[in-house]
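Keep the viewer open as you read.

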Amino acid sequence: MLSFVIRRLGTMALTMLCLTMVVFFLINLEPNLKKLAISQTEMHTSAEQLESWLVNHGYRQNFFVRYGQWLGVVPKQPVTDPATGKPAQRFSFCNDPVVPTFAGVFEGDFGCSTKFKASVASKLFPALGATGILMFWVLAVMVPISLLIGILAGMREGSRTDRVLSVASIASTATPEYVSGVIFTVIFASWLGWLNGSAASASQGITFYNFTLPVMTLAIYGIGYIARMTRASMVEVMTQQYIRTARLKGLSFGSVVVKHALRNALIAPFTVIMLQFPWLLTGVVIVEVMFRYQGFGYTLVEAAGNNDIDLLLGCSLVSVFIVLITQLISDVGYAFLNPRIRVQ
Amino acid sequence: MPIQYISTFTVVLEVLSRFWPVWIALLIVMGASFAYKKKLALYGQLFDSGVGIVGVGICLFWLFTAIFAATISPFDPLAQVPIMKDVLPGAIEPQSGLTYLFGGDKLARDVFSRMVYGSQIVLIIAPAATGFALMVGITLGLPAGYYGGKIDTVLSFLANLVLAFPVILLFYLLVTPGIMDTPIPYAMAGVFFLFPIIFFSVLFWTRYKNRPDRLYILLGITLIVGGWIYAGLVFDADPLKIVHIDPNQLNIFVAVVFASSPGVFRIVRGLVMDIKTRDYVAAAQTRGESPWYIMLWEILPNARGPLIVDACLRIGYTTILLGTLGYFGLGLAPESPDWGTAIKDASRLLRSFIHPALPPTIALMSFVLGLNLLADSLREQSMKD
């Protein structure tokens, strides 16, 4: 078990290394650097000035040197101030070093956000916290509802309840966030006026009024999928021998479902719920942009839209980490929950 | 002059009558399928359940809408009639006397016509991209599952690499105006579009290598048609100017294929690993068939059930992805009538006008729902066998 986890962690590190390098390469394509230089200098700068800005800020160093600097295995060089000729900070707004130092991800320095004019850490972690709150409420709504729907539908396969709930869950998987978000806003904010169509004020304080719509929108897309998986698992469990034995023993249907079937039927949905996180990530971006909630997704879109290299790298590192760690947890957790499965 | 409106009831009637070519086509196709369902194998069995009929009906509805878009829509999807800005549903355009059935958007375009034309974009890109993703996934998944070992390790690692990318980040990196200046999208297109040609060449080669008369004809057709489409799509050098794709559409296409082929790869790999332990595969091995013959002619036909179901779901998922791209304004032109872009434009103005938002959302939802229902009933039917 331990060696399995260690091997998986090794693969994970390799994957993250490869992925960040790909992201690094794609962000540093020539058109993207041009765009960054244009946005960072004043209007109507000539091509030479743009080029000199890029050289001055160290964007023209060798690709691998720069990637190494970001990682923290190559020392970051200070830039030379063109006016004085002395070493100067690369970006004055986030305490870049004046002497060559190792300051990369390995040292806990995520770099400097050119869009927000602050260090990446000071933007990224509060945003992650905000998204964490959103995620918590989404899971708190999504998991119980979807499990309940799945169990009720799978309890008696082919019954009318099953048909209705199955079609409802198919409908919910066919409703992406940007569709359900618009429909919910139209119904609850525009027509009924019960809820706020924007969650911008949720950064100051979360209320039922401003937070229900984003949570509902995010939850609805996942509910259908988890419910269908739970239903399939429940249907399978209900055909097992021990369920029939329990029924023939004279136990009531309710007690068979709760005491015998439920525990075994909930193993499969656990994996599905864990693997739902990467999907939620895309949903989070859509919902945060749609409802103007300043979280991780909002930061990612801002970083990508403004070609903010370090911030986007930080965002990709975090999201890739979340995807990989949830995969690991789901594998290990599955082995724990299901004694018949042994990881090699 | 104030704008004249028609009543809600008339709007409904007019919308229904606008779709007349679709109703006729639906009636013919559904009627024929229903009459001959005994002879239509899996497709015919779909008509045994209500869910299947609804699924097929919705998918066909949007298919015919895309085909007859020019007849159905009363206006040009890009035409702007200034006085019709933000008009409510049912407003009559004074010049032509035609109605803005679902109202006008903020740029005074007809919402109904845009929704109808939007179906064309979705119904061309989503199935085509899914088709290419299937080709890539099958061509790589077969050897990975069949041989195992090093090939499997390398290919699975690459697939997991792509799958670990959050889709939205992938699109923000791959679908940008800047990336069209670099050779990356064309290189990716060059690689991806090669797979169907390889697939069909190997398919015919393994089967007919001892029958040159058949082999040369089939290989010739594959190479000529494949090469023609390849030249048109990748180099935009189709000598007849029929196959053509805009650079930004190529970019979207490539990104979507890239994002969804690892999923197909994983499914194919799993299916192959399961099927290769069967007796008929062992029999073929004993006969001395070549590995690729076994993969393509013994294993693949037996994996078709789950693959068809997955393809249906995947077209729906690709539709959702296209909508996401449109919603974030990535790749597609800002005035493009596709549903995602329309939802983006309308959702910014929900506080003042809601009518431009509803048609594209309901269109997208119903199409994906139709595909999911279809997939669900296909799965149920194939499980019965």
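This is a predicted model: local features need pLDDT of at least 70, side-chain atom pairs count only at pLDDT 80 or more; totals for chains, interfaces and linings use all residues.

A:Arg292 sits in the loop that links α11 (267–290) and α12 (296–305) of chain A. The phi of A:Arg292 is positive, about 50°, even though the residue is not a glycine. Is A:Arg292 buried or partly exposed? A:Arg292 has 15 C-beta neighbours inside 10 Å, so it counts as partly exposed.

Now go on to the loop between α12 and α13 (309–337) of chain A, where you'll find A:Asn307. This residue, again other than glycine, has a positive phi near 50°. Its surroundings can be counted too: A:Asn307 has 25 C-beta neighbours inside 10 Å and therefore counts as buried, the cut-off being 20 or more.

Next, helix packing. Two packed helices are described by the angle between their axes and the distance between the axes. Start with α11(A) and its partner α8 (residues 208–238) of chain A: the two axes come within 10 Å and cross at roughly 155°. Because that angle is over 145°, α8(A) counts as roughly antiparallel to α11(A). The crossing of α8(A) past α11(A) is right-handed. On the α8(A) side, the residues making the contact include A:Pro214, A:Leu218, A:Tyr221, A:Ile226 and A:Met229, and on the α11(A) side they include A:Val272, A:Ile273, A:Trp279, A:Leu280 and A:Val284. Sorted by class, the contact of α8(A) with α11(A) has 13 nonpolar residues, six polar ones and no charged ones.

Helix α11(A) also meets α7 (residues 177–191) of chain A, and here the axes come within 9 Å and cross at roughly 30°. This crossing, too, is right-handed. From α7(A), A:Glu177, A:Tyr178 and A:Gly181 meet A:Gly283, A:Ile286, A:Val287 and A:Met290 of α11(A). The class count for the contact of α7(A) with α11(A) is four nonpolar, two polar and one charged. If you have A:Gly283 and A:Val287 selected, note that they belong to the contact with α7(A) and are also listed in the contact with α8(A).

For a further pair, move to α5 (residues 120–155) and α6 (residues 160–173) of chain A, whose axes come within 8 Å and cross at roughly 140°. That angle makes α5(A) oblique to α6(A). What is the handedness of the crossing of α5(A) and α6(A)? It is left-handed. The α5(A) side of the contact is made by A:Ile149, A:Leu152 and A:Ala153, and the α6(A) side by A:Thr161, A:Asp162, A:Leu165, A:Ser166 and A:Ser169. By class, the contact of α5(A) with α6(A) has four nonpolar residues, three polar and one charged.

Zooming out, chain A has 13 helices and four strands. Of its 344 residues, 40% are buried. Take the contacts in chain A with a separation of 6 or more, and 69% of them involve residues 24 or more positions apart.

Chain B, for its part, has 17 helices and two strands. Its C-alpha atoms fill a box of roughly 85 × 55 × 40 Å along the principal axes. Buried residues come to 44% of the 385 in chain B. Among contacts in chain B between residues at least 6 apart in sequence, 72% join residues at least 24 apart.

With 22 C-beta neighbours inside 10 Å, B:Phe328 counts as buried. The C-alpha atoms of B:Phe328 and B:Tyr172 are 9.0 Å apart, although 156 residues separate the two along the chain.

Finally, bring the chains together. The contact takes 34 residues from chain B and 36 from chain A. On the chain B side, the elements giving two or more residues are α7 (149–164), α8 (167–174), α15 (304–327), α16 (339–347) and α17 (358–384). Which element gives the most to the side of chain B that touches chain A? It is α17(B), with nine residues. By class, that side of chain B has 22 nonpolar, nine polar and three charged residues.

Note on methods: Residues are numbered from 1 along each chain as its sequence is written. Chains are lettered from A and ligands numbered from 1 in the order in which they are written. Axes are lines fitted to C-alpha atoms, for helices over the stretch in contact, and angles run from 0 to 180 degrees between N-to-C directions. Angles under 35 degrees count as roughly parallel, over 145 as roughly antiparallel, 65 to 115 as roughly perpendicular and the rest as oblique. A crossing is left-handed if the near helix is turned anticlockwise from the far one by less than a right angle, and right-handed if clockwise. Two residues are in contact if their C-beta atoms, placed from the backbone, lie within 7 Å. Ala, Val, Leu, Ile, Met, Phe, Trp, Tyr, Cys and Pro count as nonpolar, Asp, Glu, Lys and Arg as charged, and the others, Gly among them, as polar. A residue is buried if 20 or more other C-beta atoms lie within 10 Å of its own, exposed if 12 or fewer, and partly exposed in between; C-beta atoms are placed from the backbone.
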